[in-house]
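Good morning, colleagues. Please look at the structure as it comes up, and I shall then take you through several of its parts.

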Amino acid sequence: RFFKRAFDIIFSFLAIVITLPLMLFIACLIKLTSPGKAIYRQTRLTAKNRQFNVLKFRTMHEGSEDNTGPILSEVNDSRITRVGRVLRNSRLDELPQLFNVLRGDMSFVGPRPERPFFVEQFSKEIPEYSHRYLVKAGITGYAQIHGKYDTSPVDKLKYDLIYIKDYNL
C-alpha cells in the first residue's frame with residue numbers, strides 16, 4: 001500500500017503538470033458550449049465507505065437530475081452535451097480525478113467510485129457488493145478495461161473482485 005500510494009502521488013502530480021494546458025482548454029470549451037460549471041463535483045464512496053467529492057469535467061446539461069433524482073447514465077443518454085459525448089468517449093472527462101488521486105481519495109487503479117444512492121441499492125440486490133470498498137476507489141480498473149458504460153453492476157463487481165483478490169502495485 002505504501003508503494004502504491006507513493007506511485008499515485010508521484011504520477012498524479014506529473015500527470016497534472018503535463019495535462020494542465022489540456023484541462024484548461026477543456027474547461028473553456030465546456031463553458032463556451034453550455035451554461036454551468038466546467039468541473040462537476042459529486043459525492044462518491046471509496047475504501048471503508050468513506051465519502052468524498054469526485055471531480056470530473058461536466059458532460060451533462062446543468063441540473064440534468066434535478067427533476068429525476070439519481071439515474072445511471074445510458075449509452076445514448078440525452079442529458080449528455082455534444083462536448084460531453086466527446087469527453088466521455090475519449091475518457092478526458094476523468095482528468096480532474098488526478099486531483100482526487102493526489103489528495104488520496106482515489107488511486108489510479110481500483111473499483112470505480114459509486115454514488116451512495118446506488119451503493120445502497122446495489123448492496124441490497126448483490127450481497128458481495130460491499131467487498132468493493134475493501135480497497136481505495138480508482139480512476140480505472142478491470143471493469144473499465146473489460147466493460148463499457150452499460151456493463152451490469154454484477155459484471156462490474158466480478159471484475160472488481162478479481163482486482164481486489166490480486167491487489168498489487
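This is a predicted model: local features need pLDDT of at least 70, side-chain atom pairs count only at pLDDT 80 or more; totals for chains, interfaces and linings use all residues.

Let us start with helix α6. This helix runs over residues 153-165, 13 residues in number. From its first C-alpha to its last it reaches 18 Å, close to the 18 Å expected at 1.5 Å a residue. Its buried residues are Leu-157, Asp-160, Tyr-163 and Ile-164. Because they cover an arc of only 120° around the axis, they sit on the same side of α6. The face turned away from that buried side carries Lys-158 and Lys-165, which are exposed. And what do the buried residues of α6 pack against? Their partners are α1 (2-33), β3 (107-109) and α5 (142-146).

I turn now to the nonpolar cores. The largest has 18 residues, and those touching the most other members are Ile-30, Phe-57 and Leu-98. At least two residues of this core come from each of α1, β2 (51-57), α2 (82-90) and α3 (97-103). Helix α1 gives the largest share, six residues. Setting aside neighbours within four places in sequence, Ile-30 is in contact with Lys-37, Ala-38, Phe-57, Arg-58, Val-83 and Leu-87. Apart from this core lies another, of eight residues, including Leu-45, Val-119, Phe-122 and Ile-126.

Next, consider Arg-112, in the loop between β3 and α4 (116-125). Is Arg-112 buried or exposed? Its relative accessibility is 13%, so Arg-112 counts as buried. Its side chain makes a polar contact, at 3.1 Å, with the side chain of Glu-94. A polar atom of the Arg-112 side chain also lies 3.1 Å from the backbone oxygen of Ile-139.

Finally, the aromatic residues. The structure holds eight aromatic pairs. One of them joins Phe-7 and Phe-108 edge-to-face, with 5.9 Å centre to centre and 70° between the planes. This pair links distant parts of the chain, since Phe-7 belongs to helix α1 and Phe-108 to strand β3, 101 residues apart. Phe-7 counts as partly exposed because its relative accessibility is 32%, whereas Phe-108, with a relative accessible area of 19%, is buried.

Terms used
Residues are numbered from 1 along each chain as its sequence is written. Side-chain values use heavy atoms; hydrogens and water are left out. Helices (H or I, at least four residues) and strands (E, at least two) are DSSP runs, numbered from the N terminus. The expected span of a helix is 1.5 Å times one less than its number of residues. Buried means under 20% relative accessible area, exposed over 50%, partly exposed in between (1.4 Å probe, protein chains only). The arc is that of the directions from the helix axis to the C-beta atoms. Contact means heavy atoms within 4.5 Å. A nonpolar core is a set of buried Ala, Val, Leu, Ile, Met, Phe, Trp, Tyr and Cys residues joined through side-chain atoms within 4.5 Å. A polar contact is a pair of N or O atoms within 3.5 Å; within protein, one must be able to donate a hydrogen and the other to accept it, and residues adjacent in sequence count only if both atoms are side-chain atoms. Rings of Phe, Tyr and Trp (its six-membered ring) pair if their centres lie within 6.5 Å; planes under 30 degrees apart count as stacked, over 60 as edge-to-face and the rest as tilted.
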